[in-house]
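Biologist: Could we go through this structure together? I would like to begin with a helix and then turn to some individual residues.
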Amino acid sequence: MNPPSPFHIVLIEPEIPPNTGNIARLCAATGSILHLVEPLGFSLDDRHLRRAGLDYWPQVQLRRWPDFASLQAAYPAGRWWLASKTAQRCYVEASFLPGDFLVFGKESAGLPADLLQQHADRCLRIPLLEPAVRSLNLASATAILLYEALRQNHRLR
């Protein structure tokens, strides 16, 4: 029996090295594939990025893309879930399947409005219970969505 397809984590134009490093460690721990869409706000040799990922970088399945269109073209049958604080649908209302792509925008601006419009039926939000808080840390948001996807697919032991 083949193992289930891994989930894919997509970071579009990430800006903060420690966030990406923490997400890389999350991907290594869950067998998920990490896709980085350029431009990146840092070098992959950045010491803060490497430090946040600790010694798990050899276990990270890392793929780099010049733009989101190239990534989508490489996976024409992909199911894309986009995280946005402006989405109407809560992440717990989604039905995740192995092989799904969980897409996150850059820390300072999130995902582009045109991309959210193109995938309006697949946009998800994580509820913020305190109105004074504008957003969650990118690594935290990624972990919340990924672990819900893993839970739904009975991948947690």
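Modeller: A definition comes first: the expected span of a helix is 1.5 Å times one less than its number of residues. Please keep in mind that this is a predicted model.

Biologist: What span should helix 5 have, and how far apart are its end C-alpha atoms?
Modeller: Helix 5 covers residues 138-152, which is 15 residues, so it should span 21 Å. Its end C-alpha atoms are 21 Å apart, in agreement with that expectation.

Biologist: Which residues of helix 5 are buried?
Modeller: The buried ones are Leu138, Ala139, Ala141, Thr142, Leu145, Leu146, Glu148, Ala149 and Leu150.

Biologist: And what covers them?
Modeller: The cover includes strand 1, helix 1, strand 4 (80-83), strand 6 (101-104) and strand 7 (123-125).

Biologist: What caps the N-terminal end of helix 5?
Modeller: Asn137 does, with a side-chain oxygen 2.8 Å from the backbone nitrogen of Ala139. After the helix comes His154, which has a positive phi, near 55°.

Biologist: Buried or exposed: how does Glu148 count?
Modeller: Glu148 has 10% relative accessibility and therefore counts as buried, the limit being under 20%. Arg151, with a relative accessible area of 47%, is partly exposed.

Biologist: How many salt bridges does the count come to?
Modeller: The count comes to four. One of them joins Glu13 and Lys106, whose closest N and O atoms are 3.2 Å apart. This pair links distant parts of the chain, 93 residues apart: Glu13 is in the loop between strand 1 and helix 1, and Lys106 is in the loop between strand 6 and helix 4.

Biologist: What are the accessibilities of Glu13 and Lys106?
Modeller: Glu13 has a relative accessible area of 25%, so it is partly exposed. Lys106 is also partly exposed, at 26%.

Biologist: Where do Asp100 and Arg79 lie?
Modeller: Their side chains meet in a salt bridge of 2.8 Å, N to O. Asp100 lies in the loop between strand 5 (89-90) and strand 6, whereas Arg79 lies in the loop between helix 3 (68-74) and strand 4, 21 residues apart. Asp100 is buried, with a relative accessible area of 2%, while Arg79 is partly exposed at 23%.

Biologist: Changing topic: where is Pro14?
Modeller: Pro14 is in the loop between strand 1 (8-12) and helix 1 (17-30). Its relative accessibility is 0%, so it counts as buried.

Biologist: Which residues does Pro14 touch, leaving aside those up to four places away in sequence?
Modeller: Pro14 touches Thr20, Leu36, Val37, Pro39, Leu40, Gly41, Phe42 and Glu107.

Biologist: Last one: where is His119, and what does it touch?
Modeller: His119 is in the loop between helix 4 (113-118) and strand 7. It counts as buried, at 12% relative accessibility. Apart from residues up to four places away in sequence, His119 touches Phe68, Gln72, Trp80 and Leu82.

Methods:
Residues numbered from 1 in each chain as written. Predicted model: local features only at pLDDT ≥ 70, side-chain atom pairs only at ≥ 80, totals over all residues. Heavy atoms only, no water. Helix = DSSP H or I, 4+ residues; strand = E, 2+ residues; numbered from the N terminus. Buried < 20%, exposed > 50% of the residue type's maximum accessible area, 1.4 Å probe, protein only. Contact = heavy atoms within 4.5 Å. Polar contact = N/O pair within 3.5 Å; in protein donor to acceptor, adjacent residues only side chain to side chain.
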